[in-house]
Amino acid sequence: MRIAAEQNTVRYSGRGTPALDRVSMEVPAGSFYSVLGPNGSGKSTLMRALLGASRLDSGRATIDGTSVTDWSRADLAKVLGAVAQTESVAFPLTVTEMVGMGRYPHLSPLASESDRDREAIARALEACDMVDLANRDVTTLSGGEFQRTRIARALAQEPKALVLDEPTASLDIRHQMAILELLRSAADQGMTVLLITHSLDLAAQFSDHMLLLADGRVAAEGTPDEVLREDVLTRVYSWPVTVRQDTQTGTLRVVPQRTSASSASLRNVT
Ligand code: ADP
Ligand code: MG
């Protein structure tokens, strides 16, 4: 599925400048696309716009060429999965029950879970390394375990496109890499992956395309080589960075530089 934003502008009431200012981007079907940018640059706002979950002041967001607001919610839920940045646990469900919620869009009314549903749930638990914790009450999970449960729920949905907002933020190296490898192979098999992340190095390793947002606008768009440029990153993040190429893998490494304490300031950081 192709996901696109055409000149999207979002203004929140009471704020002078728009959170998203005429942002256009396109995630080709079956590609791995990362959205980067400093805190407050509009990443989550863009994600909500693409999902049809927030009102646009102008422009439109499309899924396979059809405006997201013209899709029926039921049809969209069958094909588009989402892992939002945060979520609180409301009920003491087991891990399996919460992952099983990903199957709801596929269940016909009154029908109980089929073998196909149970297989999708089992595959998702396995993929996210949650098999051993399958019967645990989700309110007792660590931050990273809960995060993996939320990703498993999205995978159990078996969507054609998956949008994730900083999904690996609280995961250790192994689980971070395992999830990204999984998303990469899903993309190789045709799933569209849209990943919001602060990890420039991971994005460089896994992405086909990247979008760099700054103050609600597109600062750079293209392949990792095109986007991860020292001058652009230093300006957008208001911090000196160097970009090196890993001699073994050829992927780019972004290294923030030390500065003297007196010149460092978070004053202008939102
Ligand atoms: P990011 O995900 O890149 O950190 P967000 O999209 O969450 O950024 O936010 C972009 C800007 O919009 C920020 O300045 C944020 O404070 C503001 N913002 C986000 N949501 C709201 C809201 N519901 N009401 C008012 N301002 C908001
Ligand atoms: Mg965000």
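**Ligand 1**

I began with Gly40, where a polar backbone atom sits 2.8 Å from an oxygen atom of ligand 1. I took a polar contact as a pair of N or O atoms within 3.5 Å; within protein, one must be able to donate a hydrogen and the other to accept it, and residues adjacent in sequence count only if both atoms are side-chain atoms. For Ser41, I found a backbone N or O atom 3.2 Å from an oxygen atom of ligand 1. For Lys43, an N or O atom in the side chain is 2.8 Å from an oxygen atom of ligand 1. On its own, ligand 1 has 560 Å² of accessible area (Shrake-Rupley method, 1.4 Å probe), and the protein covers 65% of that.

A note on the model: it is predicted, so I kept in mind that local features need pLDDT of at least 70 and side-chain atom pairs count only at pLDDT 80 or more, while totals for chains, interfaces and linings use all residues. Residues are numbered from 1 along each chain as its sequence is written, chains are lettered from A and ligands numbered from 1 in the order in which they are written, and side-chain values use heavy atoms, with hydrogens and water left out.

I then listed the residues around ligand 1 (a heavy atom within 4 Å), among them Tyr12, Arg15, Pro38, Thr45 and Arg48.

**The open sheet**

Next I traced an open sheet of 4 strands, antiparallel in pairing, in the order β2-β1-β4-β5 (strands are DSSP E runs of at least two residues; two pair if DSSP finds at least two bridges between them). β2 (20-27) and β5 (66-67) stand at the edges with a single partner strand each, so one side of each has no neighbour in the sheet. I checked β4 (residues 58-63) too: it pairs with β5 in the antiparallel sense over 2 bridges. Thr62 has Ser67 in β5 as its bridge partner.
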